[in-house]
Amino acid sequence: MPSQREDCLFCDIVHEGTYVAKTKGFVAINDINPKAQTHILIIPERHVESFREIGEFHAWELKRMMEFIAETARDAGLTDYQVQTNVGRSAGQTIHHLHWHVLGDVASHLDVSRPLTAVSEL
Ligand code: AMP
Ligand code: ZN
């Protein structure tokens, strides 16, 4: 299976986009249409359609991907945040190249009285 798809926006972005952060095999970009004060997307360089195909990654890649999500959130100043991936069209996936949404409000951990917002309401 080729690692890059010609008709895939995220394949283009991971190879020639502007990153918030980058590590071997993965990039982080700002979401073009943010649904939280901080909305970062973590994207593997290799084209894997969705979380459904997570078995296509090696164990060390999965560990690195999860660590990179946490590192990127921390470096963005977040302590409290949501990590989300939509799987399939009817679940809200619009770009069929696996990506993780990191959603957070930099100041949210200072205001514990603020009600939590479900991702589906964002
Ligand atoms: P999903 O709906 O889970 O597939 O998420 C796709 C996300 O990609 C959405 O939050 C979009 O706002 C975001 N998006 C679409 N095009 C771009 C782009 N060119 N650069 C950054 N983010 C994008
Ligand atoms: Zn792709």
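Strand E3 (residues 38-44) runs antiparallel to strand E5, and five bridges join them; strands here are DSSP runs of at least two residues, and helices (H or I) runs of at least four, numbered from the N terminus. Two strands count as paired if DSSP finds at least two bridges between them. The model is predicted, so to speak of a local feature requires pLDDT of at least 70 and to count a side-chain atom pair pLDDT 80 or more, while totals for chains, interfaces and linings use all residues. Residues are numbered from 1 along each chain as its sequence is written, with chains lettered from A and ligands numbered from 1 in the order written.

Within this pairing, leucine 41 has histidine 101 of E5 as its bridge partner.

How enclosed is E5, and why? Five of the five residues of E5 (residues 100-104) are buried, so the strand is largely enclosed by the rest of the structure. Buried means that 20 or more other C-beta atoms, placed from the backbone, lie within 10 Å of a residue's own. Trp100, Val102 and Gly104 point one way, His101 and Leu103 the other. In a regular strand, side chains alternate between the two faces of the sheet.

Technical notes
A residue is buried if 20 or more other C-beta atoms lie within 10 Å of its own, exposed if 12 or fewer, and partly exposed in between; C-beta atoms are placed from the backbone.
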